[in-house]
Amino acid sequence: MAQQEQAPNQLNIEISEEVAEGTYANLAIITHSHTEFVVDFVNVMPGTPKSKVKSRIILTPHHAKRLMNALADNINRYESVHGQIQDLDSIELPFNFGGPTAQA
């Protein structure tokens, strides 16, 4: 099949270089109403009292559930290859995330 021809149900998705680089987040804050789920991704840095939302994704309840199922499926496949991911609730992290203590 030529590149120009696509199957009728195939979706052509493009991504810009900037978006492809990604944005690091180590905290997700999830809120919802009866019509939507809002997921705010935040990068919390040690020793910094204030953090900014780096990205906000707004989903319908149906898409939020599909995302949950897709994440669960991917986590199961990851763990089958790499072993179980330790839950952060069972790990005691120091407040400084293990990095050097800030000094003035």
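The pLDDT is the predictor's confidence in each residue, from 0 to 100, and helices (H or I, at least four residues) and strands (E, at least two) are DSSP runs, numbered from the N terminus. This is a predicted model, in which local features need pLDDT of at least 70, side-chain atom pairs count only at pLDDT 80 or more, and totals for chains, interfaces and linings use all residues. Residues are numbered from 1 along each chain as its sequence is written, and side-chain values use heavy atoms, with hydrogens and water left out.

The protein chain has an average pLDDT of 87, and 79% of the residues score at least 70. Among its elements, helix H1 (residues 17-21) has the lowest mean pLDDT, 95, whereas H2 has the highest, 98.

Asp 40 counts as buried because its relative accessibility is 10%, where buried means under 20% relative accessible area, exposed over 50%, and partly exposed in between (1.4 Å probe, protein chains only). The side chains of Asp 40 and Arg 56 are joined by a polar contact of 2.6 Å; such a contact is a pair of N or O atoms within 3.5 Å, and within protein one must be able to donate a hydrogen and the other to accept it, while residues adjacent in sequence count only if both atoms are side-chain atoms. Leaving aside residues up to four places away in sequence, Asp 40 touches Leu 27, Ala 28, Ile 29, Val 53, Ser 55 and Arg 56, where contact means heavy atoms within 4.5 Å.
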